[in-house]
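Subject: Two-chain model, handover and findings

Hello,

Here is the model we talked about, with the sequence alongside. My notes on what was found in it follow below.

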Amino acid sequence: MIRTGAPSLGTPRPPVSTYHLSCSDMDAVTYRFSDLNAVIERVHTLVDHWKAEGIFPPVFEDDTLHMLRLAIHEWVANLVQHADFQDREPQILIDIVPNGKSVHCAIRDNSAGFDLDTNLRIRESMLETLPERGMGLLMIEACTEHLSYSRVERGWHCLEFSVSADQDPWLPIPF
Amino acid sequence: MPVSTMSFSVEPVNQETVIIRIGKALDFRNASEFKSACQDQVRKGVRNFILDFSDTGILDSTGLGSIFSLYRQVSPLEGQVVFASVSRPVQVVVQLTRTYKVFRQFPTVDAAREALV
């Protein structure tokens, strides 16, 4: 969990917009959502769409695609549940770029942001046996490479990572 | 007779064992509902849970956490939580977290039922 005082799942939130920048033709397609379920469903529909378009490299097997999907899901879920968008209309932009055996992903948002590295180390040190919470960011870290989250321009932050076909990730949860 | 909730159906096998068909997703959107459904069953005396993941495309960290919570509830009662018919997206999470060391897996619900009853 990133922030205290986050709204419960049942609390209405402002609409969240997701923009899909297609890798094949670079045409921007805009999606707008009015509830939490729509956001996450739309993200998964996008990944299905990318797969159907044949965007991913041939070596990108289904399990690697599931890892990419999991990383995107966990991050967007984190934004939807905990990010502080202050008085701005929440916006999330997702961009993927296939690169050889890996796929680079950038997810920009207009929230207030937070220190990802510090949060990761805190969660790592506090992970209890069979934890009920606190695994999401660690899952993202485990199944990605070159993970970073930083301010990119005024009012925007960007999560960047790569998912590689060569990975055999492991998140060491205490049992 | 199976009892459907918004996301899950609960099918009694006997007084101590139920099959929970997870459906499309177990994630941050419905994990609370899953926990409530399981707690209701534990209050009724159920100790063994067969989780059917055959149709499940999404298992996220919150969903997995709710399964850990169930495990912590029933293991002191000598109960079990087992996975059946695990889909590939769920298997990726199981492999990532090595939770196959905690939850026995069966290729089908029938195989899990035979092992537990």
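Is the crossing of H1(B) and H2(B) left-handed or right-handed? The crossing is right-handed. Please keep in mind throughout that this is a predicted model.

**Helices H1 and H2 of chain B**

H1(B) covers residues 31–43 and H2(B) covers residues 61–74; their axes come within 9 Å and cross at roughly 15 degrees. Angles under 35 degrees count as roughly parallel, and H1(B) is therefore roughly parallel to H2(B). On the H1(B) side, the contact is made by B:Ala31, B:Phe34, B:Lys35, B:Cys38 and B:Val42. H2(B) brings B:Thr62, B:Gly63, B:Gly65, B:Ser66, B:Ser69, B:Leu70, B:Gln73 and B:Val74 to that contact. Sorted by class, the residues in the contact of H1(B) with H2(B) are six nonpolar, six polar and one charged.

**Strand E3 of chain B**

E3(B) is made up of residues 17–21, and five of its five residues are buried, so the strand is largely enclosed by the rest of the structure. In a regular strand, side chains alternate between the two faces of the sheet. Both faces of E3(B) are covered: on one side B:Thr17, B:Ile19 and B:Arg21 are buried, and on the other B:Val18 and B:Ile20 are.

E3(B) pairs with strand E2(B), residues 9–12, in the antiparallel sense over four bridges. The two form a hairpin, with four residues between E2(B) and E3(B). Within this pairing, B:Val10 stands opposite B:Ile20. E3(B) is also joined to strand E5(B), residues 48–52, by five bridges, and here the strands run parallel. B:Phe49 in E5(B) is the bridge partner of B:Val18.

**Helix H3 of chain B**

What does the burial of H3(B) look like? Seven of the ten residues in H3(B) are buried, which leaves the helix mostly covered. The buried ones are B:Pro89, B:Val90, B:Val92, B:Val93, B:Val94, B:Leu96 and B:Thr97. They pack against H2 and H4 of chain A, and also against strand E6 (58–59) and H2 of chain B. Just after H3(B), B:Arg98 takes a positive phi of about 55 degrees.

**Where H3(B) meets chain A**

Two packed helices are described by the angle between their axes and the distance between the axes. For H2(A), residues 62–82, and H3(B), residues 88–97, the angle is about 75 degrees and the axes are 9 Å apart. An angle of 65 to 115 degrees counts as roughly perpendicular, and H2(A) and H3(B) are therefore roughly perpendicular to each other. H2(A) makes this contact through A:Asp62, A:Asp63, A:His66, A:Met67 and A:Leu70, and H3(B) through B:Arg88, B:Pro89, B:Val92 and B:Val93. By class, the contact of H2(A) with H3(B) has five nonpolar residues, one polar and three charged.

**The interface as a whole**

How many residues of chain A are in contact with chain B? There are 28, in contact with 22 residues of chain B. Helix H1 (36–52), H2 and helix H4 (136–142) of chain A each supply at least two residues of the side that touches chain B. H2(A) gives the most, with nine residues. That side of chain A divides into 17 nonpolar, six polar and five charged residues.

**Chain A**

Chain A has four helices and six strands. From the N terminus on, its elements run β-β-α-α-β-β-α-α-β-β. Of its 175 residues, 33% count as buried. Taking the contacts in chain A between residues at least 6 apart in sequence, 65% join residues at least 24 apart.

One loop residue is also on the list. A:Ala112 is found in the loop between strand E4 (102–109) and helix H3 (116–126) of chain A. Why does A:Ala112 count as partly exposed? A residue is buried if 20 or more other C-beta atoms lie within 10 Å of its own, and exposed if 12 or fewer do. A:Ala112 has 14 C-beta neighbours inside 10 Å, so it counts as partly exposed. Neighbours within four places in sequence aside, A:Ala112 is in contact with A:Asp84 and A:Gln86. The C-alpha atoms of A:Ala112 and A:Arg88 are separated by 9.9 Å, and these residues are 24 apart along the chain.

Regards

Methods. Residues are numbered from 1 along each chain as its sequence is written. Chains are lettered from A and ligands numbered from 1 in the order in which they are written. This is a predicted model: local features need pLDDT of at least 70, side-chain atom pairs count only at pLDDT 80 or more; totals for chains, interfaces and linings use all residues. Axes are lines fitted to C-alpha atoms, for helices over the stretch in contact, and angles run from 0 to 180 degrees between N-to-C directions. Angles under 35 degrees count as roughly parallel, over 145 as roughly antiparallel, 65 to 115 as roughly perpendicular and the rest as oblique. Two residues are in contact if their C-beta atoms, placed from the backbone, lie within 7 Å. Ala, Val, Leu, Ile, Met, Phe, Trp, Tyr, Cys and Pro count as nonpolar, Asp, Glu, Lys and Arg as charged, and the others, Gly among them, as polar. Two strands pair if DSSP finds at least two bridges between them. A crossing is left-handed if the near helix is turned anticlockwise from the far one by less than a right angle, and right-handed if clockwise.
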